[in-house]
Each structure stands twice: as C-alpha cells, then as structure tokens.
Amino acid sequence: MKSTTTHYWLMATASAIVTILVFAACGGRTSSPVTEASAAGTQTASGDVIEKPELVLGFIKLTDMAPLAIAKEKGFFEEEGLYVRLEAQANWKVLLDRVISGELDGAHMLAGQPIGATIGFGTKAEVVTPLSMDLNGNGITVSNEVWQAMKPHIPTENGKPVHPISAAALQPVLEKFRNEGRPFRMGMVFPVSTHNYELRYWLAAAGISPGYYTESDITGTTDADVLLSVTPPPQMPATLEAGTINGYCVGEPWNQQAVFKGIGVPVITDYEIWKNNPEKVFGVSKAWADRHPNTLIAITKALIRACKWLDENEMANRAEAVAILARPEYAGADPEVIANSMTGTFEYEKGDKRSLPDFNVFFRFHATYPYYSDCIWYLTQMRRWGQITTSHSNEWYFETARKVYLPEVWLEAARRLEQEGHLTKEEIPETDGFKPATGDFIDGIIYDGRDPVGYLNKFSVGLKDNL
Amino acid sequence: MKSISPVLKKYTPPALAIALFLMAWSFGAKQIETSLGQVPGPAMVLDQARILWQEHVAERQKAREFYERQKDRRAAMLEVNPSATVAAVSYTGKPTYVDQILTSLKTVFMGFVIASLVALPIGIICGLSKTVMRALNPLIQVFKPVSPLAWLPIVTMVVSAVYVTNSAWLPKSFLISAITVSLCSLWATLINTAMGVASVNPDYINVARVLQLSPLKKTFKVLLPATLPLIFTGLRISLGVGWMVLIASEMLAQNPGLGKFIWDEFQNGSSQSLAKIMVAVFTIGLIGFVLDRIMVELQKRVSFERVHA
C-alpha cells in the first residue's frame with residue numbers, strides 16, 4: 001500500500017478544487033453582492049427614494065408583454081432609476097406563485113389573476129395592479145378538421161366567410177363528434193384567464209354550454225358540451241397538432257403561428273367578441289406594493305411611457321417593436337408571425353388577411369388606466385361560470401375591485417409624466433373608475449359595471465344571482 | 001508504414017464513425033419536416049452556435065456600456081449633491097448562452113457537493129455496521145430509483161417554505177435545482193462507499209485494532225485510503241447522474257441554465273429554435289464528457305488498478 005499521506009493529500013486537493021470551483025462560480029459576474037447597497041435605495045432625479053432599484057419582472061412569451069420589453073430596451077426603466085431583468089416563465093401558475101413568494105418583484109399577468117388570487121380562487125394571496133397592459137389581442141383557433149366541418153355553415157360574401165363567425169357554426173360539428181362518441185376539447189391558458197371567459201362567452205352566445213365550476217369540480221367541466229382544459233400558450237400549436245385538443249383560445253403570436261404552420265384556422269378574435277376588452281395587467285403582491293410605493297410608481301411611469309411609444313404616431317413604432325419582440329429572450333417567434341397581428345392586420349384562413357387596426361391596443365382609449373368596471377366584468381364572469389360559488393351583492397363587487405385595482409397609483413404616475421412632458425392632459429382620463437355602459441359584445445348584451453348583479457341575470461347560459 | 005499504423009488504427013475508426021454520423025444526420029434531417037420547419041442539419045447547428053457566441057459578445061459589450069453610463073450618472077449626481085447615496089447596480093441584461101452554461105455548472109457542482117457531504121458519512125457508517133446497513137437498506141432501495149421530476153415539486157414547496165430570505169447570491173430556484181440534483185445523485189456514492197468500507201481487507205482492520213487506533217483515526221488512516229478507488233467510482237457515477245438530472249430540473253424549476261435555455265427555445269417556436277436546442281444538446285454532451293474525464297483522472301491518481309474509462 002502506498003503511503004496514506006499521499007491519499008490524504010489527494011483527497012484534500014480534490015475537495016479543495018471542487019470547493020474553489022463552487023466559490024468561483026458563485027462569485028460570478030452576474031451575482032456581485034450589490035444587494036446591500038441597493039437595500040438603502042437610490043434617489044431619482046425627482047428626489048424620490050426608489051426602495052428597490054434592481055428588479056426581476058416575469059412574463060409569458062406573448063406579444064402583449066411588449067410594454068415590458070419596450071420599457072427596458074428603450075431605456076424607460078433606466079430613466080426612472082430602475083434596473084430590470086426580464087425573465088420568461090414556464091406558465092401562468094409558476095408566474096403567479098413566484099410573484100407571491102417574492103422571487104419575482106412583479107409580472108405581466110392575466111387580468112383575472114390578481115382578482116382570482118385576491119378572492120381566493122386557486123392560490124389565495126393578495127395581488128394588486130396599478131396598470132392595464134393592453135386591450136384585445138386574443139383569438140380562437142380551430143383545427144383544420146373542425147374548420148372544414150364548420151365552413152359549410154358559415155355565410156359567405158364574395159367567396160369569403162363573413163366575420164364575426166358565431167359559434168352556431170360549431171353546433172353541427174359538436175353533433176358529429178357526439179355521434180361518433182368523441183369528446184370535443186378546447187384549450188385555454190388558465191382558469192382565470194381572459195381566454196377562458198372569452199371562449200366561454202363565444203360558445204355560450206350560441207347556446208353551447210362550456211361547463212360550470214362547482215365546489216367539487218375545479219376543472220369547470222360540469223354539464224359541458226365542450227370540454228375546456230389548460231395548456232400554456234406556447235404549447236398550444238403543438239398540442240393542437242398532436243390532436244389532444246380540437247381548438248384553442250390564446251394570445252398572439254400563437255394564433256398566427258397556427259396559420260403559418262398550416263395546422264389550424266383562427267375563426268374569431270376577441271375584438272369581435274367584446275370590442276376593446278381589457279387583457280393583461282401588470283401585477284405585484286400587495287405586500288410588495290406596500291413596502292415599495294415609490295418603486296411601484298416608477299414602474300408604472302415607465303410602462304405608461306412604453307405603452308404610449310407602442311401606439312404613438314398611428315403605430316409608427318410597431319415595426320421596431322416587432323423586431324425587439326422577435327428576439328429569443330422575449331416572445332421569440334419569427335418576426336413575420338409577430339408582425340401579422342402587431343401591425344394592425346390579422347390573418348384568418350391562409351391568405352385571408354384582414355385589416356384589424358385595434359387588434360393590439362396598448363395606449364389608445366386610455367387603455368393603461370385600471371378601470372374598476374373592467375375588474376368587475378371579470379368578477380361577473382367568475383360568478384357566471386361558478387368559480388365564485390355564492391351570490392354576492394353589488395357592493396361586494398365594488399369593494400373587491402377597489403382592493404385589487406389601484407387607479408390612484410396610475411394617476412400619481414400619470415400626473416408626474418404630465419409634469420415631465422411625457423403625457424398630455426387629454427391622455428389622462430377624468431373618470432370615477434367606471435366606463436360607460438356598453439353593448440359592444442358579440443351577443444349585444446349591455447354591460448354596466450355599476451350593476452353587476454343585474455348584468456349576470458341577463459344571460460341565458462350561466463349562473464344567476466338570486467338576491 | 002509500420003510506425004503510422006498504430007496511429008491510424010487508433011484514430012481511423014472514430015473519425016469514420018463521426019463522418020458517417022454526420023452524413024446520416026444531414027441526410028435524415030432533410031427528410032423530416034416539423035411544424036417549426038426542417039429538422040436542422042449539422043451546418044445549421046454550427047451556424048446557430050456561432051450566432052449564440054456573437055450574441056454573447058454583443059451582450060458583454062452592452063454590459064460595458066451600461067457600467068460606463070452608470071459611472072457618468074454617478075459622477076453627475078455627486079457633482080450636484082456630494083453627500084448623495086448612489087448605489088452600485090449590476091447589469092440586468094439577458095443571460096447569454098455562456099452565462100447559462102456557467103449557471104448549470106455552478107448548480108451541478110453545488111448539488112454534487114451536497115450529495116457527497118451527505119452520502120460519504122452515511123456510506124461509511126453503513127459499511128462499518130451491518131445493523132445500520134440493514135436498517136437503511138430498504139429506504140435506500142426505495143428512494144434510489146425516484147426520478148428528479150417527482151422530487152422537484154416537493155423540493156420546490158419545501159424550499160419555498162423553509163428558505164425565506166431570497167438573497168441575490170443564492171436564489172431560490174438555484175437552491176431547488178441543486179437539492180434536486182443531490183437527491184438523485186447521492187445514491188451511487190452512498191452505495192459504493194458502503195460497499196467499499198464493508199469489503200476492506202480484514203487484515204487492515206486487525207492492524208488498526210492492534211495499534212489501538214481511535215475510531216476517527218481508523219476511519220481516516222485505514223478505511224478511507226483503502227476504499228478510495230470505490231468511492232471515486234461512486235462519485236464519478238454521481239456526477240454523471242447529477243448532470244443528467246440537472247437539465248430536467250432546470251427546465252421545470254425556472255433556474256437559469258441550459259435546461260431553461262432549451263425550454264425557452266421550445267416555447268419560442270421560431271424557425272431557429274430547433275437548431276439552438278441541438279447546440280444545447282451537443283454542449284450538454286461535451287460538458288458531461290469533460291466532467292467524466294476529470295473524475296477518471298482523479299480516480300486514476302487514487303487507484304492502484306487500471307481504471308477503465
């Protein structure tokens with residue numbers, strides 16, 4: 001046997017090497033110990049102390065994360081004294097959990113997520129939003145097989161289908177599936193997503209039941225004609241191609257992706273289901289908002305500027321925005337796919353490209369203002385499909401909206417932007433938080449945020465509130 | 001001629017095999033049309049590797065510019081108000097491909113170190129005492145075959161609950177991946193150490209007894225040196241397993257690294273995504289190979305017999 005000291009020495013060296021490697025790696029470039037310095041906060045030009053200048057914000061790979069990418073790339077965050085790392089998340093559940101746990105400072109969220117979390121549907125936690133990120137931007141796509149079967153039932157003009165297409169054209173297809181004993185499945189991105197409610201609205205407007213949530217059925221498929229299930233947005237086309245679902249409702253670029261790949265046909269956009277519907281919001285946990293009030297205002301300012309940049313001069317900057325979004329670290333899809341919807345057009349069937357200037361609205365129509373009435377619409381849909389299991393009074397709806405939406409933060413940010421010359425007076429709405437009543441829905445039913453209970457009782461499909 | 005033939009003999013077969021593989025790949029790739037376009041051939045993959053490197057260089061340039069701007073800003077602020085507190089801020093750009101590789105290496109080493117620290121003492125105890133071995137054996141046999149994907153949700157929830165302070169140099173996601181890696185990779189080291197210690201030549205133990213060595217001294221002077229070759233075989237297997245597990249756990253834990261790179265590219269679904277994923281596949285393979293060689297070299301140093309690589 002060799003002298004044991006050699007072995008000793010070798011063991012020691014080996015472990016030393018490993019230790020050094022670990023420490024060398026841990027002390028890498030990206031993780032220099034700056035947290036102590038930033039804990040004290042930095043001052044902005046206006047003299048406010050930014051409590052947390054270094055932020056990690058999450059997003060899902062969709063074109064409507066654009067305000068975040070633009071605020072970063074155009075330097076709007078930096079001008080507010082914010083140093084932001086943007087991080088793509090695997091799915092909406094992971095994103096929300098990480099915002100709640102504090103791994104993310106804030107994120108691009110589905111409008112329903114802060115609301116759902118606050119009322120305790122799914123993960124229970126208080127999440128708030130000072131800003132709506134965009135209006136519209138979703139579409140419903142069906143597989144080629146379904147489209148071929150729907151087509152004979154859609155009225156045409158000059159050989160092209162007349163839009164908007166009602167889900168009534170889907171009825172015969174459902175009949176066929178039923179007779180063959182096959183379930184008809186459609187994908188949406190999250191139980192409290194706009195897509196879930198839009199898909200349900202579209203189906204129900206034609207008398208098709210999308211199924212109900214009950215206390216024991218959290219999948220929302222009780223009494224369903226169409227079985228809805230959750231699939232993360234980027235996986236939608238692949239799941240459709242695999243035949244697991246027959247159609248889906250998702251944001252861009254995943255509808256246009258289906259057209260490009262020739263695996264499905266978009267039949268309707270959400271703009272045609274509800275004109276200028278609120279879509280994504282910027283969400284942070286309430287605890288975070290309470291601890292970082294100045295930082296939240298600074299983020300809101302940067303995002304308002306980014307949204308304005310996206311829409312200004314009749315969307316002159318959209319081409320540049322497409323180039324930024326196409327980078328692999330953001331939406332990452334091919335630029336031509338992103339451009340299809342981001343530049344004011346939408347391609348339905350291959351070759352049937354139509355003008356849809358308001359498909360992605362980031363700033364016009366006061367899109368960034370967090371209206372209470374938008375929040376209340378989501379609450380009515382949660383009640384309509386049973387996610388909210390009991391009846392509530394109008395007052396409860398108002399109160400919940402005031403908990404989740406923070407127009408006061410938005411107004412503070414907007415006022416400062418006005419002083420700095422980045423916003424004009426007309427760009428700041430004078431409102432009590434409620435949009436005027438509107439009938440801009442595919443079924444023409446009038447929505448007034450001041451009477452959510454009355455609104456619920458107007459639907460023929462859906463739960464009613466008996467008060 | 002005679003002097004060349006051994007060299008030829010050594011290098012011709014692998015060169016031929018690689019050439020054949022490349023030919024089969026580029027031919028096969030042309031036949032398959034996915035919804036993301038054609039399966040990329042060798043040329044496209046090489047091209048993407050070049051692009052990823054260029055992106056890395058460009059990002060470093062941007063970082064330098066950022067620090068320049070920060071320096072100017074700080075100077076300007078101090079000029080206005082000499083007592084202003086100006087914090088240093090690190091660059092917050094996107095992690096490049098090289099950053100992702102470094103993060104992955106960092107994570108696997110962390111996991112490997114945790115696994116070794118747990119497995120070696122337990123292994124030695126198991127080897128010394130038949131009773132302990134019998135006691136732990138069922139647990140070891142049950143946990144050994146568990147996939148990282150099964151551990152991950154549990155580790156995620158436990159770490160989130162226990163590790164509350166989210167410091168910048170030890171992020172939660174990093175810890176989650178590292179612990180998952182160690183949970184899956186510690187078994188090989190543990191079993192090999194136990195086996196090694198149990199099969200130490202009884203003469204050595206007797207000598208230790210005669211010399212009246214303390215248990216600690218016995219372990220370090222007799223048992224460990226005698227079992228080092230087997231321990232290193234275990235460590236080598238552990239590191240290999242850890243590296244494989246890491247990619248899977250990074251995909252799901254949102255820990256930056258090669259796994260997340262692959263997942264993000266899959267989600268991008270652009271026409272270059274498949275080629276970029278292929279670059280990652282080769283990177284993972286090459287790094288795994290290098291890690292294994294390092295362990296073999298270490299093993300050779302401590303072993304009396306020839307090690308079969």
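These questions and answers walk through a predicted model, its domains, its strands and some local details.

Residues count from 1 along each chain as its sequence is written, and chains are lettered from A and ligands numbered from 1 in the order in which they are written. In this predicted model, local features need pLDDT of at least 70 and side-chain atom pairs count only at pLDDT 80 or more, while totals for chains, interfaces and linings use all residues.

Reader: How far apart do the C-alpha centres of domain 1 and domain 2 of chain A lie?
Author: Domain bounds come from an automatic or database domain assignment. In chain A, domain 1 takes 49-136 + 278-370 + 405-435, and domain 2 takes 140-273. Their C-alpha centres lie apart by 27 Å.

Reader: Which elements give two or more residues to the side of domain 1 of chain A that touches domain 2 of chain A?
Author: Two residues are in contact if their C-beta atoms, placed from the backbone, lie within 7 Å. By that rule, 33 residues of domain 1 of chain A are in contact with 23 residues of domain 2 of chain A. Helices (H or I, at least four residues) and strands (E, at least two) are DSSP runs, numbered from the N terminus. The elements that give two or more residues to this side of domain 1 are α6 (112-119), α16 (335-342) and β15 (345-347) of chain A.

Reader: How do the residues of the side of domain 1 of chain B that touches domain 2 of chain B divide?
Author: Chain B has domain 1 (1-23 + 40-93) and domain 2 (95-304). Nine residues of domain 1 of chain B are in contact with nine residues of domain 2 of chain B. Ala, Val, Leu, Ile, Met, Phe, Trp, Tyr, Cys and Pro count as nonpolar, Asp, Glu, Lys and Arg as charged, and the others, Gly among them, as polar. On the side of domain 1, the division is five nonpolar, two polar and two charged.

Reader: In which sense do β7 and β12 of chain A pair, parallel or antiparallel?
Author: Strands of a sheet pair through backbone hydrogen bonds, either parallel or antiparallel. Five bridges join β7 (residues 138-143) and β12 (residues 247-251) of chain A. A:Gly139 stands opposite A:Val250 in β12(A). The sense of the pair β7(A) and β12(A) is antiparallel.

Reader: What is the hand of the β-α-β crossover from β10(A) to β11(A)?
Author: β10(A) and β11(A) pair in the parallel sense over four bridges. A:Gly187 has A:Ser229 in β11(A) as its bridge partner. A crossover is right-handed if, with the strands pointing away from the viewer, the path from the first strand over the helix to the second runs clockwise. The chain crosses from β10(A) through α9(A) to β11(A), and the crossover is right-handed.

Reader: Why is strand β14 of chain A largely enclosed by the rest of the structure?
Author: A residue is buried if 20 or more other C-beta atoms lie within 10 Å of its own, exposed if 12 or fewer, and partly exposed in between, with C-beta atoms placed from the backbone. A:Lys280, A:Phe282 and A:Val284 point one way from β14(A), A:Val281, A:Gly283 and A:Ser285 the other way, and all are buried. The strand (residues 280-285) is therefore largely enclosed, its buried residues being six of the six.

Reader: Where is A:Pro253 found?
Author: The peptide bond from A:Glu252 to A:Pro253 is cis, with omega near 10 degrees. A:Pro253 is found in the loop between β12 and α11 of chain A.

Reader: Is A:Asn313 buried or exposed?
Author: A:Asn313 is found in helix α14 (residues 293-315) of chain A. A:Asn313 is not a glycine, yet has a positive phi of about 50 degrees. With 8 other C-beta atoms within 10 Å, A:Asn313 is exposed.

Technical notes. Pairing = 2+ DSSP bridges.
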